[in-house]
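Trainee: I have a model open and would like to walk through it with you. Could we start with a single residue and work outwards?

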Amino acid sequence: MRAIDKDPAPPSTLLAIAEVRAVAELLQSIQASPLLRLAPRGDGHPVLVLPGFLASDLSTVLLRRFLKHRGYAVHAWDLGRNLGPNAAVEEGLRERLVDIVREHGRKVSIIGWSLGGVYAREIAREAPQLVRQVITLGSPISVGPKSTNAWQIFERLSGQSVDDVAQAYVERLRQPVEGVPSTAIFSKSDGIVAWRGCLEADGPLRQNIRVRGSHCGLGHNMAALFIIADRLAQAEGEWKPFVARAPLSLLLPGSGRHHDRLASA
């Protein structure tokens with residue numbers, strides 16, 4: 001599906017309330033941790049993980065631990081609590097990316113959860129030569145902030161209007177990141193971000209993959225973890241669209257074929 005022209009409404013109140021299921025999803029992932037050992041192992045390249053709005057590195061501990069066990073050099077964002085876009089965050093991420101590249105001498109894969117995925121795409125847009133690929137988890141990458149259930153919280157905390165902030169960002173966000181493989185993982189039952197706003201535009205290095213689950217559980221969603229491991233395990237410069245195979249195909253909606261087609265379902 002291509003980026004949409006008109007921003008959708010945010011998820012319903014019922015879906016927002018249903019986000020409490022993220023706790024159950026966490027327990028399921030912990031119980032099924034032996035199954036996660038079947039996920040592909042990687043080549044040791046560096047991976048930077050960015051948290052969502054109001055979250056800190058604490059929210060990504062399980063995701064980062066999983067990636068470390070899969071053989072990657074995993075880095076937290078180390079910028080405190082994510083309180084929204086500002087000059088300090090932008091400069092901090094630039095420095096973080098450069099430092100990681102210098103440390104490892106390799107391109108960095110960036111995973112961003114929710115608003116963290118917006119940051120991931122923008123830093124890849126600025127420095128594509130330093131970024132191996134981008135993976136977003138329920139990120140509002142093609143819509144304005146009012147297609148989420150978080151915009152009022154942002155206004156209260158920041159004292160800024162989201163309309164003013166969005167004016168500087170949204171039009172740029174709607175444009176795909178050229179030259180960098182990008183995977184958008186989304187759920188149609190997301191209670192925080194309108195799912196259609198989480199989709200990448202059609203393109204040869206872009207894919208949308210649907211999973212079942214909550215927004216707040218995407219960082220430990222079993223299917224999402226398998227997909228992330230699959231994407232990261234590809235050899236640099238040899239990106240191909242994702243195709244689900246057993247046992248992952250049992251966890252995903254649809255037929256297990258190229259799941260970007262599910263985005264328009």
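Trainee: Is Arg231 buried or exposed?

Mentor: Keeping in mind that this is a predicted model, Arg231 has a relative accessible area of 3%, and because the cut-off for buried is under 20%, Arg231 counts as buried.

Trainee: And which helix is Arg231 found in?

Mentor: Arg231 is found in helix α9, which covers residues 222-232.

Trainee: What is Arg231 in contact with, leaving aside its neighbours within four places in sequence?

Mentor: With those neighbours set aside, Arg231 is in contact with Gln133, Ile135, Thr183, Gln207, Trp239, Lys240, Pro241 and Phe242. As for Ser182, which is 49 residues from Arg231 along the chain, the two C-alpha atoms are separated by 9.6 Å.

Trainee: Which side chain meets Arg231 in a salt bridge?

Mentor: That is Asp230, and the N to O distance in this salt bridge is 2.7 Å. Arg231 is buried, whereas Asp230, at 23% relative accessibility, counts as partly exposed.

Trainee: How many salt bridges does the structure hold?

Mentor: The structure holds 13 salt bridges. Among them is the one between Glu126 and Arg94, whose closest N and O atoms are 2.8 Å apart. Glu126 belongs to helix α6 (residues 115-126) and Arg94 to helix α5 (residues 87-104), so this pair ties together parts that are 32 residues apart in sequence.

Trainee: How do Glu126 and Arg94 count in terms of accessibility?

Mentor: Glu126 counts as partly exposed at 46% relative accessibility, and Arg94 counts as partly exposed at 30%.

Trainee: What about Glu200, which residue does it form a salt bridge with?

Mentor: Glu200 forms a salt bridge with Arg121, with 2.9 Å between the closest N and O atoms. This pair links distant parts of the chain, since Glu200 sits in the loop between β5 (182-186) and β6 (206-210) while Arg121 is in helix α6, 79 residues apart. Both Glu200 and Arg121 are buried.

Trainee: Which residues are linked in a network of salt bridges?

Mentor: Asp43, Arg106, Arg132 and Glu236 are linked in such a network.

Trainee: Back to α6, then. How many of its residues are buried?

Mentor: Ten of the twelve residues of α6 are buried, which leaves the helix mostly covered. The buried residues include Leu115, Val118, Tyr119, Arg121 and Ile123.

Trainee: What span should α6 have at 1.5 Å a residue?

Mentor: The twelve residues should span 16 Å, and the end C-alpha atoms of α6 are 17 Å apart, which agrees.

Trainee: Which strands does the chain join through α6?

Mentor: Strand β3 (residues 108-113) pairs with β4 in the parallel sense over six bridges. The chain crosses from β3 through α6 to β4, and this β-α-β crossover is right-handed.

Trainee: How many residues of β4 are buried?

Mentor: Seven of the seven residues of strand β4 (residues 131-137) are buried, so β4 is largely enclosed by the rest of the structure. β4 also pairs with β5 in the parallel sense, over four bridges, and there the bridge partner of Leu137 is Ile185 in β5.

Trainee: Switching to α2, which residues are buried there?

Mentor: In helix α2 (residues 21-31), the buried residues include Ala22, Glu25 and Ser29. They cover an arc of only 55° around the axis, and therefore lie on the same side of α2. An α-helix has 3.6 residues a turn, so residues three or four places apart point the same way.

Trainee: What does the face turned away from the buried side of α2 carry?

Mentor: That face carries the exposed residues Val23 and Gln31. On the buried side, what covers the residues of α2 includes α3 (33-36) and α9, and α9 is the helix in which Arg231 is found.

Trainee: Last one: how many helices and strands does the protein have?

Mentor: The protein has nine helices and six strands, and 53% of its 265 residues count as buried. Among contacts between residues at least 6 apart in sequence, 76% join residues at least 24 apart.

Note on methods
Residues are numbered from 1 along each chain as its sequence is written. This is a predicted model: local features need pLDDT of at least 70, side-chain atom pairs count only at pLDDT 80 or more; totals for chains, interfaces and linings use all residues. Side-chain values use heavy atoms; hydrogens and water are left out. A salt bridge is a side-chain nitrogen of Lys or Arg within 4 Å of a carboxyl oxygen of Asp or Glu. Helices (H or I, at least four residues) and strands (E, at least two) are DSSP runs, numbered from the N terminus. Buried means under 20% relative accessible area, exposed over 50%, partly exposed in between (1.4 Å probe, protein chains only). The expected span of a helix is 1.5 Å times one less than its number of residues. Two strands pair if DSSP finds at least two bridges between them. A crossover is right-handed if, with the strands pointing away from the viewer, the path from the first strand over the helix to the second runs clockwise. The arc is that of the directions from the helix axis to the C-beta atoms. Contact means heavy atoms within 4.5 Å.
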